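The following paragraphs lead through selected features of the structure shown here, from a single side chain to a helix contact and a pocket.

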Amino acid sequence: MSDALSTAHLVLDRFYGAVCVCGRKPPFKSVIKVATTPGSIHYDHKQQTVVLVPYELLTPAAQAGMDRYGAIGTLGLSGREQYEDIFQDLLIRHELGHWLQMIAYRPLIRWQAEYGANRLMVAFWRAQATEAIAPPVEARLANFVVQPVTFPALLPAGLPISVERYFNEQIAQIEKNPPYPTI
């Protein structure tokens, strides 16, 4: 976990620095903490903290799911490596997107918050990429979004409402049963 913490702190420092370079003066700098109970990476607004979850805290089913995710991935990573690349590196930027939304005092519905944090994650990742990073950002993004051909559709056919509304209405169920353990 010490490597993940080092990576997280480096990402946090660069993200915070990028916000400051834009002329903003954040009222606080987020911190990184490591969870001691199972869960998933998240931004804790009350504690102003990005919470990382060690691979060891994943349930056996989630670890098996990560093994399957790594096996279909485009980078040839083990399940642990896939988890570390995505949940202890890439998604730190997503969670810092939530920090940025918080300090900007932007009231957002859940879809807007998640979509915006994803956009910030990818934009910041691309902006920080150098040719020295291997594999390149585009290859890592392809690995992040890979799905098996047998993966069920995430949206019902003929959805009578907008994707945004569906997401907002279903987020509790999505979080309760994330797709990655069953990949």
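Arg-93 lies in helix α3; helices here are DSSP runs of H or I with at least four residues, numbered from the N terminus. The model is a predicted one, in which local features need pLDDT of at least 70 and side-chain atom pairs count only at pLDDT 80 or more, while totals for chains, interfaces and linings use all residues. Residues are numbered from 1 along each chain as its sequence is written, and side-chain values use heavy atoms, with hydrogens and water left out.

With a relative accessible area of 8%, Arg-93 is buried (under 20% relative accessible area, 1.4 Å probe, protein chains only). Neighbours within four places in sequence aside, Arg-93 is in contact with Val-11, Phe-15, Met-121, Phe-124 and Trp-125, where contact means heavy atoms within 4.5 Å.

Helix α4 also meets α6 (residues 163-176): their axes are 8 Å apart, at an angle of about 85 degrees. Axes are lines fitted to C-alpha atoms over the stretch in contact, and angles run from 0 to 180 degrees between N-to-C directions. The two helices are therefore roughly perpendicular (65 to 115 degrees). From α4, Arg-110, Trp-111 and Glu-114 meet Val-163, Glu-164, Phe-167, Asn-168, Ile-171 and Glu-175 of α6. Four of these contact residues are nonpolar, one is polar and four are charged.

The second largest pocket has a volume of about 370 Å³. A pocket is an open set of points on a 1 Å grid where a 1.4 Å probe fits, with protein on both sides within 12 Å along at least five of seven lines; lining residues have an atom within 4 Å of a point. Of its 21 lining residues, Asp-3, Thr-7, Glu-84, Gln-88 and Asp-89 are the closest to the centre.

Definitions and conventions: Points joined across faces, edges and corners; volume = space filled by probe spheres on them. Parallel < 35°, antiparallel > 145°, perpendicular 65-115°, else oblique. Nonpolar A, V, L, I, M, F, W, Y, C, P; charged D, E, K, R; others polar. Buried < 20%, exposed > 50% of the residue type's maximum accessible area, 1.4 Å probe, protein only.
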